[in-house]
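Let us walk through this structure together, one region at a time. Have the sequence and the 3D view open as you read.

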Amino acid sequence: MRFSKRAAVAAAGIAVALLASACGSSGGGGQASKDVEVFTWWADGGEKAGLDGLVSQFKTDCSQYNFQNGAVSGGAGSNAKQVLASRLQQAQPPDTFQAHAGAELTDYINAGQVEDLSAQYKEWGLDSAFPKGLIDSLTVQGKIYSVPANIHRANVLWTNKTVLANAGVNEVPKTLPEFFTVLDTLKAKGVQTPLAVGKDWTQQMLFEAVLISDLGAEKFTGLWNGKTSWTGADVTQALNDYKKLLSYSNKDRDTFDWTDAEKLLMDGKAAFQLMGDWEAADLDTKGFKDYGYAVFPGNGNAYQWLADSFVLPKGAKNAEGTKCWLKTLGSAAGQKAFNTKKGSIPARTDANAADYPAYQQTAIADWKSGVPVPSCPHGSACSQGWQGAVASAQGKFSSDQDVAALQKALDAAAKQYTKK
Amino acid sequence: MTTSSATLPPAPGSRRRRRRSAPGGVRRWGPGLLLLSPSLILLAVFVYGLIAWTARLSLTDQHTAIRSGSVVGLKNYVDLFVNDINGRFTHSLKNLLIFTVVFMVGALVMGLIWALILERGLPGEGVFRAVYLFPMAVSFVASGVVWRWLMNSGTGEQAGGLNRIFHDLHLGFLENPWWTDPQWGMAAMAVPAIWQLAGYVMALFLAGFRGIPPELREAAQVDGATTYQMYRHVLFPQLTPTALSVLIILGHMSMKMFDLIMSVSGAQWITEVPAVYVWQTLLTSDYAKAAAISVVLLLLVAVVIVPYLVYNNRVERRS
């Protein structure tokens, strides 16, 4: 009896001690000033390969520093963003972190979490190496806070050449009305769902491409900075065009990811798919050679871009090391090492196209001559909250096709998030 | 001193007993409390402490990851019900309602029917019991992925899963869009949940039936009750506590449903319920709004659970 009581007390004591030590043991650990911790969500696939390429360049250019991989995998970056948010809140930032260039950075900038890099842009000659439209998009109240590592294009229409040839379509349409005619032709020839579409964000991309066609590049960009109204008749027109486009698409789109839609294209069940240019690398990997690509009908030379970029957080332990990382990232050699592996193109206009695969060569040429426009689902046009609101509204539209409700929701989202 | 000693009841024997009884009390409940204290502390900090923290957060305007918010009262709650774009929150509540009703009624009816059949003493009862109970061992994520294939919404030549079976059996009229139906999609979403938990409901009811003393049945038979009358007036009334537990268990599972929906449809408008909405909101770092939805969800679950706890306590005290 006595013994068991004492044992009970001892057990409880040990439990409390364990609890206390568990609480106390977090934190600590030394930090050598030579380490540069690079925080990304590039943990596997082409992204990891790109990062590795960049790291080997960093080791040559900045041999005095150690690269420390701070990658957090999973959830297409959503896990990493959660970890990052808590680290920033505790004022324990990594030496540099990945973020979509453009509006997605706004939160960090407003909170004073990242340093102004305008001086470095001049010093490294980046202000003349990147196209002016991109520099404008990166600039917030006269200052630039991030260095883009790559450029992807969102408004690309992918085609199945055989399906088009069988239907007697020899040319990819150049305007929206032509596009509708071609879609009708395909339908008449027995292609039930000529346009392959996936769920929410892929619908968002399609809708934005239609918006660019109906509004033009400049007014489209204005939608995201408050210069263009969401309630205008031209937006209504775009919404109706988009609704009409959806009628040519697969009805089970809400159950499809972009790769499922891609499969419809590969199987010849669809002739077209709008998707970002990571599709080229994916189709190549899957061994499908019969694909063609063109800018979305009516988009002209609008180059809807999205970019991964890196920043210098305020309070970074090794700011000089971070600057060396950013310098490597922005340099011609760094951009080449990264992008040939990742399947994107360099943001710099002085890249040697011959170093890249076929699709990227045309993209590099288009990037030089095109008008850059941002993208909301990929973070260059709007903040994360705005993205969420638009995705939800788009999902609703996919099921109920209510044009007026979608326009109202988009307007409400714009009002809610532009003021923040 | 003198006054105090004067007021004290004088008997020395009783005083000694009292002095002994006080530390004796500590000795009686002290070790027990000490043993419980780690879990009590953990619960206090990580459950109730964080609930309080969430509730406080829901009253602030911390809509980004970084800014720490100032208190804005109930604004977030009002916004959820009144100003949410497209009425997104009320839509998610409506989805949850449809899901909950179909899921609870479905699982209850299926479970009860199976329990009734097995209770009659079917040969191979053990096998059937295992067969029906087994789906519960599968995680919602695993079954969700399979049901995602089964409930493929393509029809005609594009059909897959169940629609394909209907198509091949020339039962085309049975092909349907499943969870992609804007109005009643959530009813289809409840099908996998019913499939998983009906067996569990059956097991609970079976245990309930077995708990009824056989004398009651015999007495009913002696009194000349028909089978229907025996179930209606003798057996079912005895099952009320079981039915109540079943409702509570299914109810709170349904309110918090997340994993099944995420693996069948992913996060999207048609099938959005509050738990998924919280997650979506957190991904955009809108902490205050996510906290407000969480609190509403907690209250919803509390509405189900608290009356049950109160009822249970009362029953226990009575017995």
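In what sense do β8(A) and strand β10 (residues 272-275) of chain A pair, and over how many bridges? The two strands pair in the antiparallel sense, over four bridges; strands count as paired if DSSP finds at least two bridges between them. Helices (H or I, at least four residues) and strands (E, at least two) are DSSP runs, numbered from the N terminus.

Before going further, a word on the model: it is predicted, local features need pLDDT of at least 70, side-chain atom pairs count only at pLDDT 80 or more, and totals for chains, interfaces and linings use all residues. Residues are numbered from 1 along each chain as its sequence is written, while chains are lettered from A and ligands numbered from 1 in the order in which they are written.

A residue is called buried if 20 or more other C-beta atoms lie within 10 Å of its own, exposed if 12 or fewer, and partly exposed in between, with C-beta atoms placed from the backbone.

Elsewhere in chain A you can find a parallel pairing: strand β1 (residues 35-39) is joined by four bridges to strand β2 (residues 66-69). Look for A:Val38, which stands opposite A:Asn69 in β2(A).

Now zoom out to the domains, whose bounds come from an automatic or database domain assignment. Chain A is divided into domain 1 (36-152 + 307-364) and domain 2 (154-304 + 376-418), and their C-alpha centres lie 28 Å apart. Their contact takes 14 residues from domain 1 and 15 residues from domain 2, where two residues are in contact if their C-beta atoms, placed from the backbone, lie within 7 Å.

What lies between these two domains? The largest nonpolar core has 118 residues, and A:Leu206, A:Ala393 and A:Ala413 touch the most other members. Such a core is a set of buried Ala, Val, Leu, Ile, Met, Phe, Trp, Tyr and Cys residues joined through C-beta atoms within 7 Å. Helix α10 (residues 200-225) of chain A gives the largest share, 10 residues. Both domains of chain A give residues to this core, so it lies between them. A separate core of 56 residues includes B:Phe89 and B:Leu282.

A:Ala393 also leads us to chain B: leaving aside neighbours within four places in sequence, its contacts include A:Leu406, B:Ile85 and B:Asn86. Overall, the contact between the chains takes 27 residues from chain B and 35 residues from chain A. On the side of chain B that touches chain A, the largest share, six residues, comes from α2(B).
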